[in-house]
Amino acid sequence: PGETENSFILCRGGLAERLCRLQNRERSAISFWRHQCISDDKIPSDKSGVLIVRILEIFEECTIQVAICQQLEQSPATLSSEDAVINAEEPILKVLFTRETAAHLKSRPQDVIHIYPPWQKLLLQNADVPVIMNTYFSQKVLLSEHSEAREKTHGLTKMLIRKNIISLAETFRLDDLDDKLHCKSSDDQVPCAPQTHNNGGSKQHPSALSAVNDSLLEMVESQGAVGWREVQVRVVIQRVYCLPAREGYRSHAPGNNPLCATPVTNSHPPNVRLCLLVQDAYGMFSEVQLQSLSSTDDIERYCRRWEGKFCCLAGMKILQRTTRGRALGLFSLIDSLWPPVVPVKVPGQSQDSEMMTTNLPPPSFCYILTVQSGEIHVEVDEEEQISNLYQPPAVHGLKEILRMDGCNERCSFWAQVLYRRQQSKHSVPIDQRETLLFVTDSTLQNAVHGIPKVVAVSVTASCVLSMEIIEALSAGSQLVFFKDALWGNGRIICVERTVLLLQKPLLCSAAGADLSELTGPVRLDELDSTTQANSVCALRGTVVGVNESTAFSWPTCNRCGNGKLELCPQDRELLYCNQCSEVVTTPVLKMQLEVFLSCPSRSQSTVKVKVWHEITLFVLLTMLLFLQTYEVQSVLGKEVGLLNCYVHSVTSHPNCVALEEIVLL
């Protein structure tokens, strides 16, 4: 729905084109008739050929709503439907309503329905009850003020319809009719009962939940792109994450209340949207985009409370039908959850256990759903046990991830963050730049030659980080859980739908990986011929030169460290800090220096190291220069190392390695 790629060209004048026109005219006629009834706010005056029935029982069979009705000679205009006496002599009819008509009528037992022509009566062989079809032009009649009050009360509750599941074996008479024709499982038949949309209310009886639809595709096909209001779909929450919000919605979800969307009124809080990746009993996935969060720190709470739990969706509308070619990131996450860990249902087949199978192709499309403003749409049963369909993240060691052969595969791992660096591309806005996190774990630290001891994890701007993660990384080295990161082309990337947590999930699969914590100091790989740009390494060598032309110094605030001081307006001989809004009387002088080293591991390369104030090498060189009254010759030939460095660039013409000394977290 709503996708131009699904449109097709019909042969002019062919049967398909004629049928399509006929269906369009039929839909238009039905919509016009219903609109006219609503506008006139009355029953059409023409009663010729009108069939008047009272509903006695409702059930669903093969996506058609079947109503067992009693035919009435005339509408009991003065009696309420509860007060009317059923006349045993009045004929019984079986009336068929399509899903669209049933959703429009919202019928219940004892309701009186007027069915307008052109309805048709079908007399079946060996059947005593006639069948009424073509009931598109139907209208429910409110008989009294008491009935109107009952209608308003029932409008707040959900009508659960008993479903008769008919297997193909029964349809084509493949089984023994005497044994199986009338044999129905008690799990398939649920009495009609109202269900209120309230998470905080009383627990629903398990039999009531089984009447909720379990197929996302069936709901989409039957309810259309505009969404569904009168039905629910029961799904399993496989993943909870945040996406950058692209639409103007923000809302709050206090406690355990259902979530509703409201317009954005403040752009200062992070504009991110809470999302669920859900899966139904048939294995189909859908991404549900809920409300925007006031704080990204809520994501960890929702992950722990909701992942693996059942939830019922209602009031959804379709944003988009997307495919693999258009949403590689989404489908890489779906592929990591495929095949299902338990057998799933197969559409159109008997749902006996021996007919279920997991030998199914991976999904090729996915519906992106969102809420209809003001609708109650998500009910998560947090007290229910974890679903067998849920697949927790499979945790691997970094060494195992680096040996994976696939491309664009999702992976989850624990790692110690040693250093953080934001890419400095001036053409890209700051809030859209990538951040590099250099991480390690015990599998890398204990690895033999050929496996790096530290790897870079690229965090893209589309990966939503909580303030808790950002503040923790600013404070120092942290052990972080990377959930559903992307591995491919020799890189680990945190993209949309990747979640970073400080706490281990309640459920995860280690798959035999070595997840022991680091003991002892962290080691970096030494600079050698395999060192690449945008990596970190350890460096040792001999000072062979100092670039005095690029050396410079600047004053900084002794209180906040601000390096952009200005002249004080009142006294031009003093410096002023805009961040502290105070005069700086004792500024701290910082300096930058470039040093050339000779390294045995890269004897053919020019190794240039940028050092800063407060760094080990700079302090050493400064002390020597001060002692020798800034004689550069006094530091030449001095050995330094091991220094922790970030590699800016590696070039072959000229053969040069540019590094910057760093301090690990």
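Biologist: Over which residues does pLDDT stay under 50?
Modeller: Residues 247-269 are one such stretch. For these residues the model has 53 contacts beyond four places in sequence. Contact means heavy atoms within 4.5 Å. pLDDT is the predictor's confidence in each residue, from 0 to 100. Residues 350-355 also stay under 50, with eight contacts beyond four places in sequence.

Biologist: And what does the protein average?
Modeller: A pLDDT of 77, with 71% of the residues at 70 or above. This is a predicted model, so local features need pLDDT of at least 70, side-chain atom pairs count only at pLDDT 80 or more, and totals for chains, interfaces and linings use all residues. Residues are numbered from 1 along each chain as its sequence is written, and side-chain values use heavy atoms, with hydrogens and water left out.

Biologist: Switching to D484. Is it buried or exposed?
Modeller: Buried, with a relative accessible area of 3%. Buried means under 20% relative accessible area, exposed over 50%, partly exposed in between (1.4 Å probe, protein chains only). D484 lies in strand 21, residues 478-488. Helices (H or I, at least four residues) and strands (E, at least two) are DSSP runs, numbered from the N terminus.

Biologist: Which side chain makes a polar contact with the side chain of D484?
Modeller: That of R239, at 2.9 Å. A polar contact is a pair of N or O atoms within 3.5 Å; within protein, one must be able to donate a hydrogen and the other to accept it, and residues adjacent in sequence count only if both atoms are side-chain atoms. Leaving aside residues up to four places away in sequence, D484 also touches others, including R410 and R497.

Biologist: Now helix 12. Which of its residues are buried?
Modeller: I469, A472 and L473, in a helix that spans residues 467-475. Seen down the axis, the buried residues of helix 12 fall within an arc of 95°, so they line one face. The arc is that of the directions from the helix axis to the C-beta atoms.

Biologist: What do they pack against?
Modeller: Strand 18 (409-422), strand 19 (435-440), strand 21 and strand 23 (499-501). The face turned away from the buried side carries exposed E471 and A475.

Biologist: Last one, V536. How far is it from I662?
Modeller: They are 9.0 Å apart, C-alpha to C-alpha, and 126 residues apart in sequence. V536 is in strand 24, residues 536-556, and counts as buried at 9% relative accessibility.
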